[in-house]
Amino acid sequence: MLSSYPIGRILGSEIRVHGLFVMLLVGLVGGSLLRDDTPTALWQGLSYFLLFSMIVLHEFGHALAARLFGIRTPTITLHIMGGIAALERRPQGALAEFVVAFAGPLVNLVIATALFLAGAWQENQAEPLTLAGFLEMLLLINVGLFLFNLLPAFPMDGGRIFKAMLQVVIPERFALLSSVVIGQAFGLCFIVYGLLRLDFMFGVVGIFLFVMAAGEGGRHPLWMFGRAFPAEGRA
């Protein structure tokens with residue numbers, strides 16, 4: 001099994017990269033170098049760097065929000081599906097869970113809004129390898145991260161937000177199970193779409209969502225397939 005490796009520490013959290021993430025990044029950049037001319041390959045490499053830099057900022061949104069509730073974040077790990085802020089314990093109560101879950105997408109929304117107000121959006125697509133092209137790509141990355149993470153597919157941020165809202169009106173354990181079912185339904189939809197379109201990445205995302213949602217079900221027998229992925233403290 002591949003492990004994760006520390007690359008630094010910021011604001012009390014150790015930043016780690018998973019071996020699969022490194023393999024993915026090398027494959028993407030290497031494939032671009034073999035397939036495209038040098039300027040295009042450089043642009044692709046820059047886009048990957050920006051994407052995962054924004055994911056780190058997104059995860060620090062979770063970490064800093066958790067700190068408001070006295071919860072530390074020992075590690076933030078970049079893996080093949082994005083990032084995980086490993087909270088030392090799960091936020092207690094609907095308000096805490098909502099704030100911690102929404103803080104990540106909020107970081108991307110704030111960055112995207114600031115870039116839009118600064119004029120980063122171009123009516124006609126900006127040229128690559130220019131400042132305008134760089135800012136427009138940064139804007140689009142943050143909009144994409146904001147919208148994708150708000151999908152109500154537990155255990156993604158949108159699913160956690162949905163669970164926190166459910167907790168206001170029904171007991172927490174029923175809110176959790178309802179969110180798990182919806183998360184697994186999203187996972188199955190992604191898997192089916194990936195098979196129909198022969199899209200490998202959609203299939204991987206679907207499997208990831210299904211198994212991770214199952215893991216959030218804890219000891220409930222229905223979610224046995226996710227027991228290898230303990231849920232405590234993820235964000």
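Two strands are taken as paired where DSSP finds at least two bridges between them, and helices (H or I, at least four residues) and strands (E, at least two) are DSSP runs numbered from the N terminus. On this basis, β1 and strand β2 (residues 13-18) run antiparallel and are joined by six bridges. The structure is a predicted model, in which local features need pLDDT of at least 70 and side-chain atom pairs count only at pLDDT 80 or more, while totals for chains, interfaces and linings use all residues. Residues are numbered from 1 along each chain as its sequence is written, and side-chain values use heavy atoms, with hydrogens and water left out.

**Sheet**

- An open sheet is formed by four strands in the order β1-β2-β3-β4, with mixed pairing.
- The edges are held by β1 (4-10) and β4 (82-86), each of which has a single partner strand, so one side of each is left without a neighbour in the sheet.
- From one strand to the next, the twist averages 25°.
- Strand β3 (residues 75-79) pairs with β4 in the antiparallel sense over five bridges, and I76 has A85 of β4 as its bridge partner.
- A hairpin connects β3 to β4 through two residues.

**Helix packing**

- Axes are lines fitted to C-alpha atoms, for helices over the stretch in contact, and angles run from 0 to 180 degrees between N-to-C directions.
- The axes of α2 and helix α3 (residues 94-117) come within 7 Å and cross at roughly 140°.
- That angle makes α2 oblique to α3, given that angles under 35 degrees count as roughly parallel, over 145 as roughly antiparallel, 65 to 115 as roughly perpendicular and the rest as oblique.
- The axes of α6 and α7 are 7 Å apart, and these helices pack at an angle of about 160°.
- This makes α6 roughly antiparallel to α7.
- The crossing of α2 and α3 is right-handed, whereas that of α6 and α7 is left-handed; a crossing is left-handed if the near helix is turned anticlockwise from the far one by less than a right angle, and right-handed if clockwise.

**Largest pocket**

- A pocket is an open set of points on a 1 Å grid over the protein atoms alone, where a 1.4 Å probe fits, with protein on both sides within 12 Å along at least five of seven lines; lining residues have an atom within 4 Å of a point.
- The largest pocket holds about 910 Å³ of space, the volume being that filled by probe spheres set on the points, which are joined across faces, edges and corners.
- Its lining comprises 34 residues, and I55, M81, G82, L145 and F148 lie nearest the centre.
- At least two lining residues are supplied by each of α1 (19-35), α2 (38-68), β4, α4 (131-149), α5 (157-166) and α7 (200-216).
- The lining has 22 nonpolar, seven polar and five charged residues, where Ala, Val, Leu, Ile, Met, Phe, Trp, Tyr, Cys and Pro count as nonpolar, Asp, Glu, Lys and Arg as charged, and the others, Gly among them, as polar.

**Backbone geometry in loops**

- Most residues other than glycine have a negative phi, and most peptide bonds are trans.
- L11, in the loop between β1 and β2, is not a glycine but has a positive phi of about 50°.
- L198, in the loop between α6 (172-197) and α7, is likewise not a glycine and has a positive phi of about 55°.
- F154 and P155 are joined by a cis peptide bond with omega of about 15°, and P155 lies in the loop between α4 and α5.
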